[in-house]
Amino acid sequence: MKIRDVIPDIPVSDIEAARGFYEDFLGLGTEEFNLGWVARFTSAETGAHVQLLTKDATAPITPVLSLKVDDIDAAYAEAVDRGLDIVHPLTTEEWGVTRFFVRDPDGNAINITQHRATEDRE
């Protein structure tokens with residue numbers, strides 16, 4: 001498994017209320033997407049980005065980190081083989097990503113994800 005991107009998932013109570021801080025003050029002025037409960041803000045200059053989450057809409061917990069990988073099936077198989085605590089099963093979500101959540105040794109939920117349509121074109 002190769003990690004293609006690391007995205008911090010920041011819990012917020014209200015994405016719209018947090019927007020000014022992340023867009024204006026931090027300079028993450030490009031909103032890549034906004035599903036109402038999760039939005040990604042990116043710097044057009046550097047590509048640095050964060051995701052703001054109020055609560056994960058389809059998983060039992062909210063992750064602290066999202067990792068985009070090149071092969072989600074291999075990542076999931078390795079997590080299973082290692083006996084890791086998978087807290088959200090391998091799922092293809094309606095917005096086009098396939099993902100699962102696994103806990104790190106300290107209990108943090110990590111979102112392992114691949115957008116197959118996008119990744120297949122790269």
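Visitor: Where in the chain is the place of Ala48?

Guide: In this predicted model, Ala48 sits in the loop that joins strand E3 (38-42) to strand E4 (49-53).

Visitor: Why is Ala48 called partly exposed?

Guide: The relative accessibility of Ala48 is 40%, and since buried requires a value under 20% and exposed a value over 50%, with partly exposed in between, Ala48 counts as partly exposed.

Visitor: Which residues does Ala48 touch, not counting residues up to four places away in sequence?

Guide: With neighbours up to four places away in sequence set aside, Ala48 touches Leu28, Phe41, Thr42 and Ser43. As for Gly27, which is 21 residues apart from Ala48 along the chain, the C-alpha atoms of the two are separated by 9.5 Å.

Visitor: What makes Thr113 buried or exposed?

Guide: Thr113 has a relative accessible area of 9%, and because the limit for buried is under 20%, Thr113 is classed as buried. This residue belongs to strand E8, which covers residues 109-114, and, leaving out residues up to four places away in sequence, Thr113 touches Leu67, Lys68, Val69, Ile72, Val97, Thr98 and Arg99.

Visitor: Why does the radius of gyration of the protein agree with a compact globule?

Guide: A compact globule with 122 residues would have a radius of gyration near 14 Å, and the protein has 15 Å, so the two agree. Taken along the principal axes, the box filled by the C-alpha atoms is roughly 45 × 30 × 25 Å, and 37% of the 122 residues count as buried.

Visitor: How many helices and strands are there in the protein, and what pattern does the protein follow along the sequence?

Guide: The protein contains three helices and eight strands, and reading along the sequence gives the pattern β-α-β-β-β-β-α-β-β-β-α. Among the contacts with a separation of 6 or more, 48% are accounted for by residues 24 or more positions apart.

Visitor: Which residues does the annotation "domain: VOC" cover?

Guide: According to the unreviewed UniProt entry, that annotation covers residues 2-115. Over residues 2-115 the chain is 18% helix and 42% strand, with the end C-alpha atoms 14 Å apart.

Conventions. Residues numbered from 1 in each chain as written. Predicted model: local features only at pLDDT ≥ 70, side-chain atom pairs only at ≥ 80, totals over all residues. Heavy atoms only, no water. Helix = DSSP H or I, 4+ residues; strand = E, 2+ residues; numbered from the N terminus. Buried < 20%, exposed > 50% of the residue type's maximum accessible area, 1.4 Å probe, protein only. Contact = heavy atoms within 4.5 Å. UniProt positions renumbered as here; feature names shortened; annotations may be inferred. Rg over C-alpha atoms; globule rule 2.2 N^0.38 Å.
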